[in-house]
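Reader: Please take one part of this model and go through it closely. I would like the contact between the chains treated first, and then the sheet.

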Amino acid sequence: MTNVLTLTNVSKSFGALKVTDEVSFAVPKGQALGIIGPNGAGKSTLFNLITGNFLPDTGSITLLGRDVTRSPAMDRVRMGVGRSFQIPQPFEGLTVFENLLTAAAYGQGKREVEVQDTCVSILGDTELLSKANTLAGSLSLLDRKRLELARAMATGPKLLLLDEIAGGLTEGECLALVATIKALHAQGITIIWIEHVLHALTSVVERLLVLDFGRIIGVGDPDAIMASKEVREIYLGMEV
Amino acid sequence: MIWIDVLVQGILLGGLYALFAAGLSLVFGIMRLVNLAHGDLIVFAAFAILLITGTLGLNPFLAALLAAPLMFAAGWTLQRFVLNRVLGKDILPPLLVTFGLSVALQNGMLEIFSADSQRLSVGRLESASIDLGVVTVGTLPLLTFASAVGVIFVLNRIFYTTALGRAFRAVSDDPTTASLMGLNPKSIFAIATGLAMVIVTLAALYLGMRSNFDPSIGPARLLYAFQAVIIGGLGSLWGTLAGGAIIGVAQTFGAQINPEWQILAGHIAFLVVLLIRPRGLFPRAVD
């Protein structure tokens, strides 16, 4: 099986603080990988390194067999990295449909007419069809989260990065979103998902990675990881 | 009757101010960049048109048509290689750079074109007028106003119905997120400044045909442009047209009372609007 993404000894510091410490892992094609860890463990920084918002101090990042360690963010989008943000960041002055259209046209380097149909079907998949002409700035939280997902999908990703997309949602909303993500995963998209809502995460991912103080302290089968004493102590902060 | 005439003349003059302001408004709206050299760029474009009319013997309108792509290239280059480097969280560096550019442009033009007053000559059109029954309006002022309406209409069409316009709005919302959607904010900024320079060329054409210009008049044009943008409300292009008209009307009414009052009346109108509506008349709903 080929790897969509490979990180090799990636480190990143902000001043004296090492937020990513010699991180190495690979994600095979089609896998859904979950990332958990306490606040400040460096999870979002890891995403920023993968998308190219931050450049690593040392180490290398390979995307679909190509070294992208120094490539700018927009090149990586065109290669197939789609991302949703922890705090939804839609283009508020654009309608929901325009948000998708822009992401799809520029993310895939195509003309708008070529991507219109795809955008409509993504709106359907993410249950946003009725909000297509609403300004993104006036959406509810669930719809903003859906738009994050939809917009990431619109860039035509081979690798989808989800950053706490279930956070802040009610139980019912969360289940609906999980169903959408499962459906996307079933289409064969590789997913890396950072999440605090563990039951949502473990119902989708096949592999779990635990981050603490920028280091990987465990990676493997979700059940085994959740059962390990070390993870329970560090991540859940309790002795069970 | 004379007051209706004054009102109409003022509104038409506002078209010229709106043309000065549209490019400024475009650039500010997309990248929060205040271009202090905007007025001098208008004068620069006017000299460029003058140079083309002189050397090729063309009518100013055709000369402007030739100058427009050159100005687009100049704006694109300026943004790509200079202004993009100073854009950031701190608003001071771009202000300093464009202020420096303003000084350099004024002195450069003084060196090349001298301090002599110039004019773009269009023969009979300069004094032609149309009788509308109640008032008689100059053809050139009417053309200016129509051009301002046209420019704003086209800009709005671009903004709301094209891929480029959506990209403008997306990078204006959030350049970082935009780059994760595959947009390149820096090259989109360069296109925006190029487009602003095309509008500047049009503004320069009417400025040069309607009044004398010399290398020193840029800053005052910048001031009118600013006032029009702020009266209209930041981010609203039709508001900018209204802002231009308000300054124009204030100026013509001021001049009617006493010719010395023309410029002052415009500034007073600006201050009054600031007092009553600090965010302008038509501020953008989502800010």
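**Chain contact and sheet**

Author: In this predicted model, the contact draws 25 residues from chain A and 16 residues from chain B. On the side of chain A that touches chain B, α2 (73–79) and α3 (96–108) of chain A each supply at least two residues. The largest share of that side comes from α3(A), with 7 residues. Sorted by class, the side of chain A that touches chain B holds 10 nonpolar, 9 polar and 6 charged residues.

Now the sheet. Chain A has an open sheet of 6 strands with mixed pairing, and the strand order is β6-β7-β8-β3-β9-β10. At the edges stand β6 (81–84) and β10 (215–220) of chain A; each has a single partner strand, so one side of each is left without a neighbour in the sheet. From one strand to the next, the twist averages 15°.

Within the sheet, strand β3 (residues 32–36) and strand β9 (residues 207–212) of chain A run parallel and are joined by 4 bridges. In this pairing, A:I36 stands opposite A:V210 in β9(A).

Terms used
Residues numbered from 1 in each chain as written. Chains lettered and ligands numbered in written order. Predicted model: local features only at pLDDT ≥ 70, side-chain atom pairs only at ≥ 80, totals over all residues. Pairing = 2+ DSSP bridges. Axes fitted to C-alpha atoms, helices over the stretch in contact; angles between N-to-C directions. Contact = placed C-beta atoms within 7 Å. Nonpolar A, V, L, I, M, F, W, Y, C, P; charged D, E, K, R; others polar.
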